[in-house]
Amino acid sequence: MFPGGGPAVDFYRANADRQGGRVLELGCGTGHKLIPIASDGHPCVGLDFSSDMLAEAQRKANGRGVAVEWMQGDMRAFDLGRTFDFVFIAANSLLHLHEAEDLVSCFRSVRRHLAPGAQFVFDVFNPSVRLLAEADGVRRPRASLSFVDPDRGKVSVDVAEIYDAPAQVTRGTWHLSTSCEPDFLVAPLEIRSIFPQELPLLVSLGGLRLVERFGDWSGRPFAVDTPLQLCICESA
């Protein structure tokens, strides 16, 4: 068994085991969640727009002796010519699609790839109107985002962001630093907010049905103050 990687990885692994069969991750990045699932014996495909991310995913999978089929593509519209028993989009990756039309197109593509009885699962944050209103462009530390890099040591994260209300998009700049390397990485990040009332409509327009929505990784019911919208969907 592959070692666990936190509650999100554990959640997706458990759902892949429950569904069985073939697994597809969209926006798979470097394979942080998909490689553990493949290590459990599931045939896995990872699709991502970035060839650099996929190259790193392949390197990581090779190093761990895990077979995964990595494919470059756009989650807004894709045709892999097969169906899957479990499809997922993790870690707010869906929110890189800013237009409602792109979200619906993605959901329609997912539906075409769902085998009978298959599930589609994704997680996006639950927008806080208060926090969005406080996005004033000022750079501030985000202690909750700090992490330990195996090469650099402790990495701190500062974020400066503004909220574009008409577009429902938060436009930010992330600053990653260590005690020896201030701002060794400065990168833009723009993500959409999907509000709870509009989410079921977008899913429905994509030919899917929202079966269940949780508020965190423990399975707590979704509520106004929960951090996540963890959504379980099926073909409509």
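The sections below cover the nonpolar cores and then the salt bridges of this predicted model.

## Nonpolar cores

The largest nonpolar core comprises 33 residues, and Leu26, Leu94, Phe120 and Phe122 have the most contacts inside it. At least two residues of this core come from each of β1 (23-26), β2 (44-48), β4 (84-89), α4 (100-112), β5 (114-125), α6 (199-205) and β12 (228-235). β5 provides the largest share, seven residues.

Leaving aside residues up to four places away in sequence, Leu26 touches Leu47, Met75, Phe78, Val87, Phe88, Ile89 and Val110. A second core, separate and made up of 23 residues, includes Ala16, Val23, Ala90 and Ile232.

## Salt bridges

There are 16 salt bridges in the structure. In one of them, the side chains of Glu56 and Arg59 meet at 2.5 Å, N to O. Glu56 and Arg59 are about one helical turn apart, because they sit three residues apart in helix α3 (residues 51-63). Glu56 is partly exposed, at 27% relative accessibility.

The side chains of Arg76 and Asp102 form a salt bridge at 3.8 Å, N to O. Arg76 lies in the loop between β3 (69-72) and β4, and Asp102 in helix α4, so this pair ties together parts that are 26 residues apart in sequence. Arg76 is partly exposed at 33% relative accessible area, and Asp102 is partly exposed at 22%.

Glu134 is partly exposed, with a relative accessible area of 41%, whereas Arg130 counts as exposed at 53%.

Definitions and conventions. Residues numbered from 1 in each chain as written. Predicted model: local features only at pLDDT ≥ 70, side-chain atom pairs only at ≥ 80, totals over all residues. Heavy atoms only, no water. Core = buried A, V, L, I, M, F, W, Y, C linked by side-chain atoms within 4.5 Å. Buried < 20%, exposed > 50% of the residue type's maximum accessible area, 1.4 Å probe, protein only. Helix = DSSP H or I, 4+ residues; strand = E, 2+ residues; numbered from the N terminus. Contact = heavy atoms within 4.5 Å. Salt bridge = Lys/Arg side-chain N within 4 Å of Asp/Glu carboxyl O.
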